[in-house]
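Please study the sequence and the structure before reading each solution.

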Amino acid sequence: MATPSSPFSFLDDLFNRIGERLQPPGWAVHEIQHRAVLFLNHVLQQEPEAQQRLLRQQGRVVRFQWRFVTMELVATPAGLLDLAPPASVPELTLTVTDESPFDLARATLRGDKPAVQIIGDVQLAAEVNWLVDHVRWDVEDDLARLIGDVPAHTIAEGARRVVGALRQFVGHRGAGTGGPTAGSAGKAE
């Protein structure tokens, strides 16, 4: 008897074919990466401990990879991040091994980290892991600056309830399939 495949397998295949054929122009990729760095620095500026940890890693380059997406970041003298120069050699490469965007979304909703292959400096990987575990975007605080404390709190509370319900739904569905849950896997070389 054949094992039924995921209803998302068709979408995964479609995503793969589109990603292989349609590559955005270099300027668009650079602009998106630049915006991502601005956002990450905004979040980091709210966490002095994170900035101190990055300051100790000044000049070190980390490459992040997932499927056809690659981004290299360097720690700056200000304890923030910047895009690494094109000729830089990364000291650490972190590759998300799960290919399916739907499986990644499902794991994220469960509160799991994606499986990651780690190649390079183990201590730098530990610092990156600390940042992932401890730095969070305070959406409610940023929203309060725009619309005020009470409306921001109301919106954030509603969003927390929706995310909680989604996590509960995904958790029950994952438990019913009997499949393994995604976790962090690391390998240093």
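**Exercise 1.** Determine how β4 and strand β5 (residues 116-120) pair, and over how many bridges.

*Solution.* The two strands pair in the antiparallel sense, over five bridges. Strands are DSSP runs (E, at least two residues), numbered from the N terminus, and two strands pair if DSSP finds at least two bridges between them. Next, consider individual positions: Q117 in β5 is the bridge partner of T95, and L92 stands opposite G120 in β5.

The model is predicted, so that local features need pLDDT of at least 70 and side-chain atom pairs count only at pLDDT 80 or more, while totals for chains, interfaces and linings use all residues. Residues are numbered from 1 along each chain as its sequence is written, and side-chain values use heavy atoms, with hydrogens and water left out.

**Exercise 2.** State which strand four bridges join to β4, and in which sense the two run.

*Solution.* Strand β1 (residues 61-66) is joined to β4 by four bridges, and the two run parallel. Within this pairing, F64 has L94 of β4 as its bridge partner.

**Exercise 3.** Place the strands in the order of the sheet.

*Solution.* The order is β3-β2-β1-β4-β5, an open sheet of five strands with mixed pairing. The edge strands are β3 (81-83) and β5, each of which pairs on one side only.

**Exercise 4.** Are the residues of β4 (residues 92-96) buried or exposed?

*Solution.* Five of its five residues are buried (under 20% relative accessible area with a 1.4 Å probe, protein chains only; exposed means over 50%, partly exposed in between). L92, L94 and V96 point one way, and T93 and T95 the other way. In a regular strand, side chains alternate between the two faces of the sheet.
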